[in-house]
Amino acid sequence: MFSTSSLLVAVVAVTAAGLPGAVAGVATTHHVQNASPPWGRARVSATFMTSDATAAVIGALAAPALVAIAGLPTALITLSAAVLLAAATAAFLLPAESGPPT
């Protein structure tokens, strides 16, 4: 995506890269709302969406700083490792799905 000189290839690559993120966002939001009790659904959803937006802003500020300090290749490897570490941590700490709440 970053090394192509074709606009069409870049647009297709961005679409292919962004689609799983959009699906994951919708699925996660649905699960958070579905797993929350009705009386707390608004607060839980608001807290989740606020923390998601805060993380996006922190990432948007931290990534360029990391690139400036460590260089692009090191920053890409570091950030990729952070994503993999977060996924492994979530898989370890989160309980297995037990079905819809009752």
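**Exercise 1. Determine in which helix of this predicted model confidence is lowest and in which it is highest.**

Solution. Within the chain, the lowest confidence belongs to α1, with a mean of 86, and the highest to α2, at 93. Next, consider the chain as a whole: its pLDDT averages 86, and 91% of the residues score at least 70. A caution applies to the remainder: where pLDDT is low, the predicted coordinates should not be read in detail.

**Exercise 2. State how many helices and strands the chain has, and compare its radius of gyration with that of a compact globule.**

Solution. Begin with the elements: the chain contains three helices and zero strands. Read from the N terminus, their order is α-α-α. For 102 residues, a compact globule would have a radius of gyration near 13 Å, whereas the chain has 18 Å. The C-alpha trace spans about 50 × 30 × 25 Å along its principal axes.

**Exercise 3. Describe how helix α1 (residues 7–35) and helix α2 (residues 41–70) cross, and identify the residues that meet.**

Solution. First, take the geometry: the two axes come within 9 Å and cross at roughly 150 degrees. Angles over 145 degrees count as roughly antiparallel, and therefore α1 is roughly antiparallel to α2. The crossing of α1 and α2 is right-handed. Second, list the partners: α1 contributes T28, T29, V32, Q33 and N34, which meet R41, V44, S45, F48 and M49 of α2. Third, sort the residues of this contact by class: four are nonpolar, five polar and one charged.

**Exercise 4. Carry out the corresponding analysis for α2 and helix α3 (residues 72–93).**

Solution. First, the axes of α2 and α3 come within 7 Å and cross at roughly 135 degrees. That angle makes α2 oblique to α3. The crossing is right-handed. Second, the contact comprises A63, L66, V67 and A70 from α2, together with L72, T74, A75, T78 and L79 from α3. Third, the classes in the contact of α2 with α3 are seven nonpolar residues, two polar and no charged.

Technical notes. Residues are numbered from 1 along each chain as its sequence is written. This is a predicted model: local features need pLDDT of at least 70, side-chain atom pairs count only at pLDDT 80 or more; totals for chains, interfaces and linings use all residues. Side-chain values use heavy atoms; hydrogens and water are left out. Axes are lines fitted to C-alpha atoms, for helices over the stretch in contact, and angles run from 0 to 180 degrees between N-to-C directions. Helices (H or I, at least four residues) and strands (E, at least two) are DSSP runs, numbered from the N terminus. Angles under 35 degrees count as roughly parallel, over 145 as roughly antiparallel, 65 to 115 as roughly perpendicular and the rest as oblique. A crossing is left-handed if the near helix is turned anticlockwise from the far one by less than a right angle, and right-handed if clockwise. Contact means heavy atoms within 4.5 Å. Ala, Val, Leu, Ile, Met, Phe, Trp, Tyr, Cys and Pro count as nonpolar, Asp, Glu, Lys and Arg as charged, and the others, Gly among them, as polar. pLDDT is the predictor's confidence in each residue, from 0 to 100. The radius of gyration is taken over C-alpha atoms; the globule rule is 2.2 Å times the number of residues to the power 0.38.
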